[in-house]
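Please examine the sequence and the structure shown here. The paragraphs after it lead from the overall picture to individual residues.

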Amino acid sequence: LKLICRGKRLGFSIGEIKDFLDLYDTDEAQVEQMSYLLRRARDRIVHLEQQLRDVQQTLKELHEIDGMIVSHLHSKGVPVPAE
């Protein structure tokens, strides 16, 4: 259960977690299991790093928009609400 919860927290699907757990029965040395987990973990890292870049870009754009709006409102003498 602990492995299932950890897998979900790390973003693995139930199917991926099942595949990982199924390998316990077929490979006592856990070579297949570790190889499978390594591949899935690396794929997840790539995916999360891309998501992080996307979020950072979105935040940058939103901050720019915020700055432009604040400048515009100030130029019109309109009070700007605090963040």
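What pLDDT does the protein chain average, and what share of the residues score at least 70? The average is 92, and 100% of the residues score at least 70, where pLDDT is the predictor's confidence in each residue, from 0 to 100. This is a predicted model, in which local features need pLDDT of at least 70 and side-chain atom pairs count only at pLDDT 80 or more, whereas totals for chains, interfaces and linings use all residues. Residues are numbered from 1 along each chain as its sequence is written, and side-chain values use heavy atoms, with hydrogens and water left out.

The secondary structure of the protein chain consists of three helices and zero strands; helices (H or I, at least four residues) and strands (E, at least two) are DSSP runs, numbered from the N terminus. From the N terminus on, the order of the elements is α-α-α. The radius of gyration of the protein chain is 23 Å, well over the 12 Å that the globule rule gives for 83 residues, so the chain is more spread out than a compact globule. That radius is taken over C-alpha atoms, and the globule rule is 2.2 Å times the number of residues to the power 0.38. Along its principal axes, the C-alpha trace spans about 70 × 20 × 15 Å.

Of the 83 residues in the protein chain, 10% are buried; buried means under 20% relative accessible area, exposed over 50%, and partly exposed in between (1.4 Å probe, protein chains only).

Arg 44 is placed in helix 3 and, at 22% relative accessibility, counts as partly exposed. Leaving aside residues up to four places away in sequence, Arg 44 touches Leu 10, Gly 11 and Phe 12, a contact being heavy atoms within 4.5 Å. Arg 44 and Phe 12 are 32 residues apart along the chain, and their C-alpha atoms are separated by 8.0 Å.

Ile 65 also belongs to helix 3, which covers residues 31-75. Is Ile 65 buried, partly exposed or exposed? Ile 65 counts as partly exposed because its relative accessibility is 39%.
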